[in-house]
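Keep the picture open while you read.

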Amino acid sequence: MVQKKKIYYARTYRHLVQSTIKNVLYFLLLILPTIILYFWNLHAITGFVSETGVRVLGRVFPGLPMNIATIRYPVFGKVDYIVLPTVLPDFKFIVGNLCVIFLALIVLSTGRRKGHPVAIYLMLSLMTHVVSCAFFLFATNHFPYLMLDFSELYISQQISIWLIFIILSGLVTGFIGSKGYLYKCLTFLVTMVYSLVFGSIRYIVFLYLLERYSVLYMAAMFFVFGPLFDFLYLVCIYSFFINKMTKYYDTGKGREEWRWS
């Protein structure tokens, strides 16, 4: 039998020492200025993303008419987004998508894949596309959204997500103990950079796919690959941060930050 040389206190009723002053200063010195800079430069950020998208898409679709439109929001101010022509799917393309979907559903619902969490998630995602295909199969000419509507909606959604992530990242990193501020600042910086880069690249990729393969995939892009993916990577980054902080508080001087009550 392996004997333990050290027996630590039970984790029951254990909590970290909190320094309200440090936590508030962290929020005021890092998060609040970031929010101010974000609002101050939002028009420039969306303008840069839109100009980059137009350059990239212009090379992929030479001669395609596209431009950058500007909309003003009460809180965010001026925001730029890309305007492209709307491409509707034809009958053969819709039927082809339905055949692929039904084949994928059969594969995901049989064998060892049946009942697997990933398979269930993929099946639910495919059902979203089934509804989209059914709509375009019977009412293509009545589809109420154009490419400019999707583009504007995406940018509106993305600037809101960026703001929410600034606040959430500040709260979840700043109020975990009173040590490890280097890890906290790095986590906040990584989250913001990743969110900005990921959201911008996804915007251009979405517009490319919708222009290349039609607006048939618009519903899937919004409901399956939209805000859900943003919160997935936020949770992923947060899990790495918590793992690092757990190791920090379980070794060396970090142990002194624990209190029992």
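## Ground rules

First, a word about holes: on a 1 Å grid over the protein atoms alone, a cavity is a set of points where a 1.4 Å probe fits but cannot get out, while a pocket is an open set with protein on both sides within 12 Å along at least five of seven lines; lining residues have an atom within 4 Å of a point. Grid points are joined across faces, edges and corners, and a volume is the space filled by probe spheres set on the points.

This is a predicted model, where local features need pLDDT of at least 70, side-chain atom pairs count only at pLDDT 80 or more, and totals for chains, interfaces and linings use all residues. Residues are numbered from 1 along each chain as its sequence is written, and side-chain values use heavy atoms, with hydrogens and water left out.

## The overall layout

The protein has seven helices and four strands (DSSP runs numbered from the N terminus: H or I with at least four residues for helices, E with at least two for strands). Along the sequence they come in the pattern β-α-β-β-α-α-α-α-α-α-β.

Of the 261 residues, 38% count as buried, where buried means under 20% relative accessible area, exposed over 50%, and partly exposed in between (1.4 Å probe, protein chains only).

## The two cavities

The structure holds two cavities of 30 Å³ or more. The largest cavity has a volume of about 50 Å³, and its lining includes Ser169, Thr187, Leu234 and Phe241. Helix α7 supplies the largest share of that lining, four residues.

What is the volume of the second largest cavity? It is about 40 Å³. Tyr154, Trp162 and Tyr203 are among the residues that line the second largest cavity. Two or more of its lining residues come from each of α1 (20-60), α4 and α5, and the largest share, four residues, is from α4. By class, this lining has five nonpolar, four polar and no charged residues (Ala, Val, Leu, Ile, Met, Phe, Trp, Tyr, Cys and Pro count as nonpolar, Asp, Glu, Lys and Arg as charged, and the others, Gly among them, as polar).

## The largest pocket

Now for an open space: the largest pocket has a volume of about 350 Å³. It is lined by 16 residues, and the closest to its centre are Phe143, Tyr145, Met218, Ala219 and Phe223. Helix α3 gives the most to the lining of this pocket, with five residues. The lining divides into 13 nonpolar, two polar and one charged.

Where does the largest pocket lie? Domain 1 (14-86 + 145-254) and domain 2 (89-142) both give residues to its lining, so the pocket lies between them. The domain bounds come from an automatic or database domain assignment.

Find Ile94 in helix α2 (residues 91-108). Ile94 is buried, with a relative accessible area of 2%. Leaving out residues up to four places away in sequence, Ile94 touches Pro89, Cys133, Phe136, Leu137, Thr140 and Leu216 (contact means heavy atoms within 4.5 Å). Ile94 and Phe136 are 42 residues apart along the chain, yet 7.4 Å separates their C-alpha atoms.

Next, helix α7 (residues 227-249): at 1.5 Å a residue, its 23 residues should span 33 Å, and its end C-alpha atoms are 33 Å apart, which agrees. The expected span is 1.5 Å times one less than the number of residues. Among the buried residues of α7 are Asp230, Leu234 and Phe241.
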